[in-house]
Every structure is written in C-alpha cells, then in structure tokens.
Amino acid sequence: MSEVLLIIVGGYILLSLILIPFQYRYVEQMEKMRKANEKKGISQGEMMENMKFEEQVLHANVQGSMIFFLANILATIVYKMKHRQKIDR
C-alpha cells in the first residue's frame, strides 16, 4: 500500500514540476491583465465578466483543478521571486 502511495505522490510531484513552465506563463499573463485593467480602473470581477466564455472556462479549470494545485503554487512563488529581484536591482 505504501509503495502505491509513494508512486502516486511521486507522479504528482513529477507532473507538477513538468507543468511549472506552463503555469508560470499563465500567472505572468494574468498579472499583465490585472495591471492593464488596474490602469483602466476595471476591477478583477469586471475583468472576469469581460473575458470570453472560452477564457473563463480555461481560467476556472486552471484555478480549480487539484491537478494544477502544486504547479500553481510553485509557479506563483517563482514569478514573485523573479519579479522581486528585478525591482531590487
């Protein structure tokens, strides 16, 4: 039983590591959209309402899926660390 659990957990971690570059690009694009809409005075809720249906579905799947949970967290951490370094320079 523990071997099966180890394989499942290891596979999930491996999948998350593979997905980090894709999730990083997603986090980066969402941050760009947030900043652009912030300049226009549009709230995050309005931004979501203005998205096309397909974009809303993709966003919901990326944010709500447990498969992407660890990859989302790691990609967000990498994004914040990378952009914090740019500000400090």
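A residue is termed buried at under 20% relative accessible area, exposed at over 50%, and partly exposed in between (1.4 Å probe, protein chains only). The model is predicted, so that local features need pLDDT of at least 70 and side-chain atom pairs count only at pLDDT 80 or more, while totals for chains, interfaces and linings use all residues. Residues are numbered from 1 along each chain as its sequence is written, and side-chain values use heavy atoms, with hydrogens and water left out.

Two salt bridges were identified, each defined as a side-chain nitrogen of Lys or Arg within 4 Å of a carboxyl oxygen of Asp or Glu. In one, the side chains of R34 and E31 meet at 2.4 Å, N to O; both residues lie in helix α1, three residues apart. Helices are DSSP runs (H or I, at least four residues), numbered from the N terminus. R34 also forms a salt bridge with E38, with the closest N and O atoms 2.9 Å apart. Through shared partners, E31, R34 and E38 are joined into one network. E38 counts as exposed because its relative accessibility is 53%, whereas R34, at 34%, is partly exposed.

One aromatic pair was found, the criterion being ring centres of Phe, Tyr or Trp (its six-membered ring) within 6.5 Å; planes under 30 degrees apart count as stacked, over 60 as edge-to-face and the rest as tilted. Y24 and Y79 form this tilted pair, at 5.8 Å centre to centre and 55° between the planes. The pair links Y24 in helix α1 (residues 2-40) to Y79 in helix α4, 55 residues apart. Y24 is buried, with 12% relative accessibility, and Y79 is buried at 9%.

Conventions:
Helix = DSSP H or I, 4+ residues; strand = E, 2+ residues; numbered from the N terminus.
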